[in-house]
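My notes follow the order in which I checked them.

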Amino acid sequence: MLASWYDAQGPAADVLHVGELPDPIPGPAEVRVRVTVSGVNPGDTKKRRGWLGSSMPYPRVIPHSDAAGVIDAVGDGVDAHRVGQRVWVYGAQSYRPFGTAAQYTVVPDHQAPPLPDHLSDELGASLGIPGITAHRTVFTDGPVDGRLVLVHGVLGGVGSLAAQLAHWAGATVIATVRRTADLGHVDPAVAHAVALDTGEPAAAIRSYAPRGVDRIIEVALSDNADLDNAVAANNAVIAAYATRVDRTEIPFWPLLFNNVTLRLLGSDDFPAEAKRQAARDLTSAAAVGALTVDVRDRYPLDEITKAHDHVDTGGVHGRILVTLPQ
């Protein structure tokens, strides 16, 4: 098969290779997926760079955890009728060496949920890490029907899906963007939009949530801790999946007196059943048209270095995808 891989960590141009590798064989309870589209996440490029001092987990890594494709072979114990089924893939390179930047990937059966025929491969390849993270931020602390949910960074991969999931589940959603110029990119049918560069973002948020918000989906805790404190309702939950400062300060006593829960979420180590429930809900929401993704750029596999560089530089909203030759 044609694949991309790295044998050492470093800049994309220095370590990513593209060439032929042996086709993988599914083991017991596994399926093999012929990949059509592979999703590129910041976590994929961080692993490749050795972010936070992480080392090579395996001698060779095929990157990327997310994909869409078609099951073409199954291992022992898997229903043979799954062959030919369109699926989306999550967790392919989570504690496994060989991900989805290849014509074929092998994953446990449950990590290849069916992809309804009317949904695109691009959407399917965008549901893994961002979708499951978004689901966990929204639902870990229970249903959100009738709740007020604040989603920071709504134009990002996780933030966009979190806002849509919360809206699908019956919440009133308030969403932030960095700049006033970005307000027009937020779907008013999904969320009330607030720009953080306005003079009083807390007041703007409180205009939609006078008693405060019940849930806060946080992409930059280091930047927003004081704002979150200013708009949180009593017993609110801040679900943070990212920060920009490793040692992040928070207004401890005001949050404590407001009985706020700070929940930190790392996608690779979510409970297995939580991931399965997220996969079921993501598929259901997508099937009824409740989820869309903004695809910024697509690159062929032989230009995967450009895709990784695009993600590494950041600052551009939208999904980055790698397409595989068929």
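**Loop residues**

I am working from a predicted model. I placed Ser94 in the loop between strand 5 (86-89) and strand 6 (104-108). Leaving out residues up to four places away in sequence, I listed its contacts as Lys47, Ser65, Asp268 and Lys275.

I then turned to Tyr95, which is in the loop between strand 5 and strand 6. Is Tyr95 buried or exposed? I read 57% relative accessibility, so Tyr95 counts as exposed. Its phi is near 60°, a positive value in a residue other than glycine.

I also noted Leu52, in the loop between helix 2 (42-49) and strand 4 (66-74). Phi of Leu52 is positive, near 55°, and the residue is not glycine. Leu52 is exposed, with 59% relative accessibility.

Which residues of helix 7 (residues 221-231) are buried? I noted Leu221, Asn224, Ala225, Leu227, Asp228 and Val231.

I looked at the helix pair next. Helix 6 and helix 7 pack at about 35°, with axes 10 Å apart. The crossing is right-handed. Helix 6 contributes Pro201, Ala202, Ile205 and Arg206 to the contact, and helix 7 contributes Leu227, Ala230 and Val231. I sorted the contact residues into six nonpolar, no polar and one charged.

Key
Residues are numbered from 1 along each chain as its sequence is written. This is a predicted model: local features need pLDDT of at least 70, side-chain atom pairs count only at pLDDT 80 or more; totals for chains, interfaces and linings use all residues. Side-chain values use heavy atoms; hydrogens and water are left out. Helices (H or I, at least four residues) and strands (E, at least two) are DSSP runs, numbered from the N terminus. Contact means heavy atoms within 4.5 Å. Buried means under 20% relative accessible area, exposed over 50%, partly exposed in between (1.4 Å probe, protein chains only). Axes are lines fitted to C-alpha atoms, for helices over the stretch in contact, and angles run from 0 to 180 degrees between N-to-C directions. A crossing is left-handed if the near helix is turned anticlockwise from the far one by less than a right angle, and right-handed if clockwise. Ala, Val, Leu, Ile, Met, Phe, Trp, Tyr, Cys and Pro count as nonpolar, Asp, Glu, Lys and Arg as charged, and the others, Gly among them, as polar.
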